[in-house]
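I opened this notebook to record what I looked up about aromatic rings and their partners. The entries follow in the sequence in which I made them.

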Amino acid sequence: MNYQTLKHLQKLDSIYKIHTGGDLFIENEQTLLKALYEDKRSMLSYLKTLPNHEFVIKPFDYGTIEYSHIPPLHERIFQSYYRMPYLKNAQTFLDCIYTSLPYEEKLKYCTSLFQTLKFLHQYIVLGDIHARNILVNQHQVYFIDLDNSRKKQDFWHPISCSFNLNSFDLNTKYTDILKLYVLCLSLFLEIDLTCYIKHFSYSQFCKVICSYPIPKPIAQFLQLNYHPLAFKNLHEEAYNFEQFFHPDLLTLKKELQVLNIYPPLQK
């Protein structure tokens with residue numbers, strides 16, 4: 001694809017476009033195009049071969065960005081791109097965090113996300129799990145932006161992430177599970193807990209939230225980050241969100257506002 005063609009496409013609304021790795025463009029009513037600052041054709045080729053899943057938005061086409069003229073030095077150069085289905089009326093998970101949804105709907109979303117993550121972990125580690133990399137459309141939840149993930153076997157391949165759970169920036173399927181768990185707690189509490197983690201650290205987050213009388217299953221699951229062997233011993237049970245959640249947490253919503261360091265985004 002030539003850059004001149006790309007720059008005439010409409011960029012996606014800025015609330016969805018906080019992507020350090022590239023920009024999103026609307027190609028047509030059915031297709032989004034993500035232009036990347038890195039040449040990720042190898043990973044995109046791998047992602048394209050993954051089995052389809054109804055709640056995963058994966059690339060269906062990819063290529064390189066070609067320039068007819070050398071861009072100015074101050075411009076970042078796009079190197080590759082991929083196309084994916086466009087869910088035109090979708091909201092981000094962040095939108096939903098700040099929306100008072102029924103408890104049953106929140107539970108449905110979280111259960112579905114964990115089952116979808118379990119599927120993805122057969123092939124990749126996502127790493128960059130955050131509230132804008134999940135979409136909600138027609139009461140279903142979808143993982144998007146898989147381009148920053150890594151193959152499961154490439155253990156030491158770094159992933160650039162919105163937030164991390166340890167000082168080593170080491171991402172595994174277990175950090176994926178715990179990040180998604182934090183996002184699900186964010187949905188129930190209507191607080192973006194990841195903002196607190198990014199600002200202060202995961203250990204400080206655990207220290208603060210566990211200083212309140214949160215239900216024991218939740219405290220134990222959050223602290224599994226410090227006990228990798230115990231996490232591994234859970235095997236597939238680690239994807240069972242309902243087992244490690246308790247609705248009594250909702251009685252502490254007011255007290256846990258101490259973790260809400262940033263107000264909701266203004267639309």
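**Charges over rings**

I looked up Y37 and found the charged end of R76 sitting over its ring, 3.8 Å from the ring centre. I note here that the model is a predicted one. I then turned to F163, where the charged end of K179 sits over the ring at 5.1 Å from its centre.

**Ring pairs**

I next asked how many aromatic pairs there are by the rule. The count comes to 18 aromatic pairs. I examined F25 and F78, which form an edge-to-face pair with 6.3 Å from centre to centre and 85 degrees between the planes. I located F25 in strand β2 (residues 22–26) and F78 in the loop between β4 (61–64) and β5 (80–85), so this pair ties together parts that are 53 residues apart in sequence.

I then looked up F221 and F231. Their ring centres are 5.6 Å apart and their planes stand at 75 degrees; planes over 60 degrees apart count as edge-to-face, so this pair is edge-to-face. F221 belongs to helix α8 (residues 216–222) and F231 to helix α9 (residues 228–233), so the pair ties together parts that are 10 residues apart in sequence. Both F221 and F231 are buried.

Conventions
Residues are numbered from 1 along each chain as its sequence is written. This is a predicted model: local features need pLDDT of at least 70, side-chain atom pairs count only at pLDDT 80 or more; totals for chains, interfaces and linings use all residues. Side-chain values use heavy atoms; hydrogens and water are left out. Rings of Phe, Tyr and Trp (its six-membered ring) pair if their centres lie within 6.5 Å; planes under 30 degrees apart count as stacked, over 60 as edge-to-face and the rest as tilted. Helices (H or I, at least four residues) and strands (E, at least two) are DSSP runs, numbered from the N terminus. Buried means under 20% relative accessible area, exposed over 50%, partly exposed in between (1.4 Å probe, protein chains only). A charge sits over a ring if NZ of Lys or CZ of Arg is within 6 Å of the ring centre and within 35 degrees of the ring normal.
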